[in-house]
Amino acid sequence: LEWPYEGATPLSTIASAPSGNLCVPGFTVIDAHGNPSIAQLKIFSDGNHHMALELATRRFLALHNGVQDVFYTTAPAGTVRDAFESGLLRLGNLTLSVLPNAFIGPQKVVGPLFEAGKISKPIPFARSRGSVLLVRKGNPCKISSVLDLLRSDVRVACSSPTKEKASFGVYSETLCNLCKSEGGDSTAMLRILSGEEPTTRHSGRIHHREVPQLIASNLADVAPMYYHLALRYTTIFPNHFDIIPLGGTAGDPQPGPEHKLNTYFVAVVKDNEGGWGEKFVEFMQSKEVAEIYESTGLESLTEKA
């Protein structure tokens with residue numbers, strides 16, 4: 001898959017200046033964005049809302065020229081937490097010493113950081129709209145419900161239960177709940193998602209890039225996916241993917257009580273308080289950001305009146 005550029009600074013601005021690109025096709029670093037040497041705002045964030053965060057940071061940069069650039073990550077929450085606590089962000093052979101101004105993540109990650117006095121009180125600003133099933137264009141395996149994932153002829157892809165515990169927990173709990181409510185074997189579903197069946201494939205580290213690649217490469221037939229991620233894939237890769245809703249429709253999901261939802265929190269980093277971090281956290285609670293997140297398939301928790 002040829003992933004489009006993502007960053008606060010428009011690509012046209014970067015492309016107008018000579019630069020050396022050391023990445024070869026297939027090995028591009030796509031979840032670290034911006035220029036950390038000049039960025040006055042640095043954000044460590046979990047990654048599955050990357051499409052909305054790009055638009056939010058781009059708008060913030062347009063409103064505040066003094067920021068110069070925004071450097072931000074869109075990686076699994078646990079990986080981002082480890083980088084934050086160590087002060088080191090490793091990108092293959094490249095290691096950067098980065099202290100962020102702001103941190104974004106789920107409660108299980110930001111809660112302990114707040115209790116340890118490392119970040120300000122986390123503020124919830126957005127929430128997922130449930131999970132769907134992502135399949136190849138045309139749905140060749142004729143998948144229509146979670147029960148089809150129990151079929152022996154269906155290959156399932158999922159985020160890693162060890163390296164991406166947050167997303168795996170959402171997907172496994174949701175699909176097991178739905179399976180049970182539809183009369184299926186939820187224990188068998190958990191075995192499949194956990195990789196106890198030989199046909200299951202897990203992501204190595206970043207499922208929001210790797211899992212769609214598994215499906216596009218015909219190494220898997222279906223994957224549980226946050227609705228907003230699946231919407232992103234069908235938008236930028238319309239010839240590769242389709243969405244199978246698990247409540248509501250592909251255009252208007254209606255997640256029932258079986259769905260585990262993910263809430264996103266933002267906070268200021270205590271060791272880097274003042275200035276752009278506080279302004280960014282305030283901006284993430286604005287009507288403008290609320291509209292951005294809802295336009296990309298998420299639910300805003302900000303009062304838009």
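**Reading the sheets and helices**

Q: What is the order of the strands in the open sheet of 7 strands?
A: This is a predicted model. Strands of a sheet pair through backbone hydrogen bonds, either parallel or antiparallel. Here the 7 strands run in the order β1-β3-β2-β6-β13-β7-β14, and the pairing is mixed.

Q: Which are the edge strands?
A: Look for strands that pair on one side only: these are β1, residues 32–33, and β14, residues 299–300.

Q: How many bridges join β1 to β3, and do the two run parallel or antiparallel?
A: There are 2 bridges between β1 and β3 (residues 70–73), and the strands run antiparallel. To find the place, look for H33, which stands opposite Y72 in β3.

Q: Which strands of the sheet does α2 touch?
A: Helix α2 packs on the sheet and touches β2 (41–45), β3 and β6 (102–105). The direction of α2 makes about 165° with that of β3. Helix α3, residues 77–86, lies across β2, β3 and β6 as well, running at about 130° to β2.

Q: At what angle do the axes of α2 and α9 cross?
A: Helix α2 (residues 50–63) and helix α9 (residues 276–283) have axes that come within 11 Å and cross at roughly 125°.

Q: Which residues make the contact?
A: From α2 come L53, A56, T57, R59, F60 and L63, and from α9 come W276, K279, F280 and F283. Sorted by kind, the residues of this contact are 7 nonpolar, 1 polar and 2 charged.

Q: What is the order of the sheet of 3 strands?
A: The order is β11-β8-β12, in an open sheet with antiparallel pairing. At the edges stand β11 (222–226) and β12, each with a single partner strand, so one side of each has no neighbour in the sheet. Neighbouring strands here are turned by 35° against each other on average, direction ignored.

Q: How many bridges join β8 to β11?
A: Strand β8, residues 131–136, is joined to β11 by 5 bridges, and the two run antiparallel. Within this pair, L134 stands opposite A223 in β11.

Q: Which helix lies across β8 and β11?
A: That is α5, residues 165–181, which runs at about 110° to β11. Helix α7 (residues 207–216) packs on the sheet too, touching β8, β11 and β12, with its direction at about 150° to that of β11.

Q: How many aromatic pairs are there?
A: With ring centres within 6.5 Å as the cut-off, the count comes to 10 aromatic pairs. One of them is W3 with F237, an edge-to-face pair at 5.2 Å centre to centre, with 85° between the planes. W3 lies in the segment before α1 (11–15) and F237 in the loop between α8 (227–236) and β12 (241–244), so the pair ties together parts 234 residues apart in sequence.

Note on methods:
Residues numbered from 1 in each chain as written. Predicted model: local features only at pLDDT ≥ 70, side-chain atom pairs only at ≥ 80, totals over all residues. Heavy atoms only, no water. Axes fitted to C-alpha atoms, helices over the stretch in contact; angles between N-to-C directions. Helix = DSSP H or I, 4+ residues; strand = E, 2+ residues; numbered from the N terminus. Contact = heavy atoms within 4.5 Å. Nonpolar A, V, L, I, M, F, W, Y, C, P; charged D, E, K, R; others polar. Pairing = 2+ DSSP bridges. Phe/Tyr/Trp six-rings, centres within 6.5 Å; stacked < 30°, edge-to-face > 60°.
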